[in-house]
Amino acid sequence: MFATVSKWGNSIAVRIPSEIAAASGILEGDRVDVSYSADGDIVIQRQKKDKSSLKAFGILHKFADPSLIPLEKDAFPRAVEEKYGSGDVQ
């Protein structure tokens, strides 16, 4: 599969075709290591995800349970009420 090298700021860029990105497991926002071999070939390797990167919001939102989203907006006020009471002054 061929791609075109384009100018991007002071650098040049190559778009990774979606089929190759999907097959290699590369997602938007992932970090990759770019290097070159002794014979001049460009090598792009995806970095392995560590546990801390899985906790990032950018990853977790993809696996969120949509049925819980309506409850999330009320979670903090409910937790405060549960700990400190309703806050109603009499």
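This is a predicted model: local features need pLDDT of at least 70, side-chain atom pairs count only at pLDDT 80 or more; totals for chains, interfaces and linings use all residues.
A pocket here is an open set of points on a 1 Å grid over the protein atoms alone, where a 1.4 Å probe fits, with protein on both sides within 12 Å along at least five of seven lines; its volume is the space filled by probe spheres set on the points, which are joined across faces, edges and corners. Local features need pLDDT of at least 70 and side-chain atom pairs count only at pLDDT 80 or more, while totals for chains, interfaces and linings use all residues. Residues are numbered from 1 along each chain as its sequence is written, and side-chain values use heavy atoms, with hydrogens and water left out.

The lining comprises 25 residues, each with an atom within 4 Å of a point. Ala13, Val14, Arg15, Ile16 and Ile44 lie nearest the pocket centre. Two or more lining residues come from each of strand S1 (5-8), strand S2 (11-14), helix H1 (18-24), strand S3 (32-36) and strand S4 (42-46). S2 contributes the most, with four residues.

The chain contains four helices and four strands, taken as DSSP runs (helices H or I, at least four residues; strands E, at least two) and numbered from the N terminus. Their order from the N terminus is β-β-α-β-β-α-α-α. Of the 90 residues, 4% are buried (under 20% relative accessible area, 1.4 Å probe, protein chains only). Of contacts (heavy atoms within 4.5 Å) between residues at least 6 apart in sequence, 5% join residues at least 24 apart.

Notes:
Buried means under 20% relative accessible area, exposed over 50%, partly exposed in between (1.4 Å probe, protein chains only).
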